[in-house]
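This report describes one protein model, beginning with a sheet and moving on to the cores, the turns and the chain totals.

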Amino acid sequence: MCESGNRIVSQCFEPAGREDKKRPETAATQFKNSLAKLMEILMSKDPSYVRCIKPNDAKQAGRFDEVLIRHQVKYLGLMENLRVRRAGFAYRRRFEIFLQRYKTLCPQTWPNWKGQPGEGVATLVQHLGYKPEDYKLGRTKIFIRFPKTLFATEDAFQLRKNTIATMIQAEWRGFHQRQKYQKLRSSAIAIQSWWRGEMGRKVATRRKNAAEIIRRFIKGFIHRHRPRCPDNEYFVDYVRCAFLMKLKRNLPKNVLDKSWPVPPPALSEASELLRELHMRNMVQIYCRRISAEWKQQLEQKVVASTLFKDKKDNYPQSVPKLFVNSRILTNEINSKVLQIIESDNIKYAVAVTKYDRNGYRARPRQLLITPSSAFLVEEAKVKQTIDYANLRGISVSSLSDGLFVLHVPCEDNRQKVGMSGTPRLQARCRAHQIATKWALRPTCSVPPRLHSHHFILPMFLSTLQILPLTSALGSLAPAASEPRGALLGDTVVCATG
């Protein structure tokens, strides 16, 4: 049959069966072998007897027939079985199983017990507080007498489960985070190593470039006096650039600031050109912003500088102070005096002190300046009129005082307004125009008791003298060969104050 051409028939009969010479098993032999295997399996197991009790005959859920249940318990012998079990040990387990289940309840047995299972069980029940009459230890098993002891152990085990679960979770999370940290640490170390290497290479490159620049700088400094060449071009360019940057930061802010950075020798000519251009630019900007009044003040300052700079001690203190049109208001001048000189326009008025020719007695006066004459006024009386045509000169000292001397001819020292033959300045020359435009005005001031006003009279610049104090006052002293009155007659000594 196994050699049949039909595949199904040939597969049903294997060739190995032809070689077996034994007789097939009978039904009794098969039953015997099956029963032996079943008993072998049963003996390897720990039998548990389960008894089922019907709660009711109607097969309804949640319904208990008490009479029916009592009848079944009685006839199944459950009560007698319970009495027997209570008389002995109700629970028995092998040491390995009991220790494996309840080892978490004792710190000595958790997590792993290193010794014999029996010793581990003894340590465990001692920690749980079992009484000697509640349990017995056999050679391979533990016997527990009362179910309540087992139930208490089981309840403790159930409570311990939450703690154990938390511990396991914590351990696992710690392990997981440590693994993650180790990976992050390894990655960070790798990145740091790469970054340090990259930064080290950059630092090395910068140092190399810096060394090269320093070498070129030193070489250029050595050859700095030579014409521009590859050896000194870097140093020369650096010096020029540094000077221009310094010049940019320290440019003068106004036309009075004369400071200027010291240029290198290679830029001396360029520095002078830049300085001139910058000064012209500042002057142009300043001139655009200046007003007509301020321009007039500056022009007067220029004339005053020409006359008194480095010649009068108190001139530097008078430079910041502005010129004024008059030191005396019109309402302070007596009306009679104004009527007398009404034909002349008063350009400037100032209070002065006149010194007599005899004894140099000081007398307060008002000096009124007009385009053609100067008037010395005492209250309502014109004491003296000095025509510019007869004025020989004006002298001041070089010290910090307020004295000035008007030089007039000896025969003209008593000239009054309205006298016949009073000379008038009729010339229309340039000097007269300047005198009219630039009326006599004070140019400087000094502290109290040394107050001084300098008057600019452009038409008499050639006659203005800056003399030492001894010269100015010495001219007032009579000479041995001249009469005293004759000498004093040709001067008028005044002081402002």
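An open sheet of 3 strands has the order 1-3-2 with antiparallel pairing, where two strands pair if DSSP finds at least two bridges between them, and where helices (H or I, at least four residues) and strands (E, at least two) are DSSP runs numbered from the N terminus. Strand 1 (91-94) and strand 2 (135-137) stand at the edges with a single partner strand each, so one side of each is left without a neighbour in the sheet. From one strand to the next the twist averages 15°, with axes taken as lines fitted to C-alpha atoms, for helices over the stretch in contact, and angles running from 0 to 180 degrees between N-to-C directions.

The model is a predicted one, in which local features need pLDDT of at least 70 and side-chain atom pairs count only at pLDDT 80 or more, while totals for chains, interfaces and linings use all residues. Residues are numbered from 1 along each chain as its sequence is written, and side-chain values use heavy atoms, with hydrogens and water left out.

Strand 2 and strand 3 (residues 141-144) run antiparallel and are joined by 3 bridges; K136 has F143 in strand 3 as its bridge partner. Helix 6 (residues 95-102) packs on the sheet and touches strand 1, strand 2 and strand 3, its direction making about 95° with that of strand 1, where contact means heavy atoms within 4.5 Å.

## Nonpolar cores

A nonpolar core is a set of buried Ala, Val, Leu, Ile, Met, Phe, Trp, Tyr and Cys residues joined through side-chain atoms within 4.5 Å, and buried means under 20% relative accessible area, exposed over 50% and partly exposed in between (1.4 Å probe, protein chains only). The largest such core has 20 residues, and those with the most contacts inside it are L367, I369, A374, I386, L391, F404 and L406. Two or more residues of this core come from each of helix 11 (292-308), strand 4 (348-355), strand 5 (362-369), strand 6 (373-378), strand 8 (393-397) and strand 9 (403-407). Another core of 16 residues lies apart from it, with Y91, V121, Y130 and I142 among them.

Leaving aside residues up to four places away in sequence, L367 touches Y348, A349, V350, V352, A374, F375, L376 and F404.

## Hairpin and positive phi values

Strand 4 and strand 5 run antiparallel and are joined by 8 bridges, one of the pairings being that of Y348 with I369 in strand 5. The two strands form a hairpin with 6 residues between them, and G359 in the turn has a positive phi of about 80°.

Positive phi also occurs in residues other than glycine. D310, in the loop between helix 11 and helix 12 (315-318), has a phi near 65° and is exposed because its relative accessible area is 77%. E379, in the loop between strand 6 and strand 7 (381-387), has a positive phi of about 55° and is likewise exposed, at 67%.

## Cysteines and chain totals

A search of the whole structure finds 0 disulfides, a disulfide being a pair of cysteine sulfur atoms within 2.5 Å. C106 counts as buried because its relative accessibility is 0%, whereas C287 is partly exposed at 48%.

The protein chain contains 16 helices and 11 strands, and buried residues make up 28% of its 497 residues.
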